[in-house]
Amino acid sequence: MPGRKILSTGAGKCNLSNTNITAGHYHGGTPSFAARVLKALPPGKVLDFFGELGLLLSAEPNGRIFPRSMKASDVVNVLVNRLKEKGAEMRLLTCAQSVKKKLSGFEITVRQVPPKWDKKAAPGPLRTLTADAVILAAGGPAYPQIGGSALGLDLARALGHAVKNPRPVMTPLKIKEKTVRELDGIRLEAVLSVYAGGRLMGSERGELLFTDYGVSGPPALSLCRAAVAALETSTVTCRIDLFPDHSRETLFSLLAKRRDAGPKRPWRNFLCGLAEERTVNLLSSALKIEPAAPAGSVKDPLLAGFAGLLKDWRLEVAGSLGFEDAMAAAGGVDTAEIRPETFESKLAGKLFITGELLDIDGDCGGYNLHFAWISGLLAGTAAAKQKGLRC
Ligand SMILES: Cc1cc2nc3c(=O)[nH]c(=O)nc-3n(C[C@H](O)[C@H](O)[C@H](O)COP(=O)(O)OP(=O)(O)OC[C@H]3O[C@@H](n4cnc5c(N)ncnc54)[C@H](O)[C@@H]3O)c2cc1C
């Protein structure tokens, strides 16, 4: 189906852009590339494009932009409707096997592939297409379950392009301490900070999700790049602040007040309404506090230690999950070989390479989709202009 990956973005809501699109949110081998792209097509123009397609947008206070309906399917629908209006032909389940530059134009071999659900269907025969221009928009190897593939990188290599080693980014973090499994499924607002050898590598506030292997959610996905890079040379620690709006002192006073108001209440119920019971139990066991003990038996030094854990809970990072769970791939076609104003290849005229295929990836928060749109718009417009078409 068209736009399969878009349907899964932003947990089905499609975080399609951000109010703060700047070059600093992009990473890749050629640092000036993103700045030149954003100069060629400022972020507002991409939002105007969606406005023209009829999509109403809404920005969250943290800058993330979604369709107002919060439905990724609306994003796909407005794009597909425009393709139909323009008379574009879509060939679904069609895999490009090779792209060759000819004296005039390109020759592309394609094969019809069976849908994943039809185990008995055989692939179709190879067919040859010709084209005046080609836009290679095959994405990267992240999330193969929904179409991610390294085939596009092979096509680019065969056309003479240098490809930087693809790496999974924006993946959840694996944690060494197996006890975090007990928190599987818990989501909470927290600040996650990553330290390598005692040095702060990055810090982000947002919804943290505990899983049976570690931590996920926007802060973990964002900090995974720094954590994984640092792991090559040192031990990496995740420090979690579960009460970012309280200082350690105010949190201790709050806990002490509660304890003194109900010293006979069992400790396990003590934080009811302040923190999730499974979290309380796990942190308490680290301090050897008995869940059934009366809250009053937890004296000030131990209570201060508990407040300290809630504010600065330290876990060791074991690594990240691979491409199967990565939202994007870093690495890809060397951007030094691509014109940032049009995304045309410097090696082969009328060949355009866009999106995640390129050695550029954005932070978590709508930056990757924004880059896919911007590169698609610039490449599509340039390809059409070369053919003398108006767009
Ligand atoms: C689960 C998930 C959630 C995400 N959420 C967000 C989000 O909320 N915001 C955000 O900004 N980014 C998000 N991303 C990242 C974002 O989706 C990608 O960066 C973006 O889709 C890349 O666009 P693209 O057009 O370059 O490639 P893709 O969207 O990957 O599209 C490439 C398409 O080409 C097809 N293809 C590959 N090889 C061939 C071939 N040889 N022949 C024919 N077709 C081929 C692929 O199957 C695929 O359908 C998310 C990614 C994932 C996996």
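How many nonpolar, polar and charged residues does the shell around the ligand have? By class, there are ten nonpolar, eleven polar and two charged residues in that shell. Here Ala, Val, Leu, Ile, Met, Phe, Trp, Tyr, Cys and Pro count as nonpolar, Asp, Glu, Lys and Arg as charged, and the others, Gly among them, as polar.

Some ground rules. This is a predicted model, where local features need pLDDT of at least 70 and side-chain atom pairs count only at pLDDT 80 or more, while totals for chains, interfaces and linings use all residues. Residues are numbered from 1 along each chain as its sequence is written, and side-chain values use heavy atoms, with hydrogens and water left out.

Now the ligand. It has 23 residues around it, and those that come nearest are G10, A96, G147, E356 and L369; a residue is near if one of its heavy atoms lies within 4 Å. Next, the polar contacts, meaning pairs of N or O atoms within 3.5 Å. In the side chain of E356, an N or O atom is 2.6 Å from a ligand oxygen. For the side chain of K5 the distance is 3.2 Å, and for a backbone N or O atom of N368 it is 3.3 Å. The protein covers 81% of the 1000 Å² of accessible area that the ligand has on its own, by the Shrake-Rupley method with a 1.4 Å probe.

Last, the second largest pocket. A pocket is an open set of points on a 1 Å grid over the protein atoms alone, where a 1.4 Å probe fits, with protein on both sides within 12 Å along at least five of seven lines; lining residues have an atom within 4 Å of a point. Its lining includes R167, C224 and E232. Why does this pocket lie between domain 1 and domain 2? Because domain 1 (4-169 + 327-386) and domain 2 (173-240 + 314-320) both give residues to its lining. Those bounds come from an automatic or database domain assignment.

Note on methods. A polar contact is a pair of N or O atoms within 3.5 Å; within protein, one must be able to donate a hydrogen and the other to accept it, and residues adjacent in sequence count only if both atoms are side-chain atoms.
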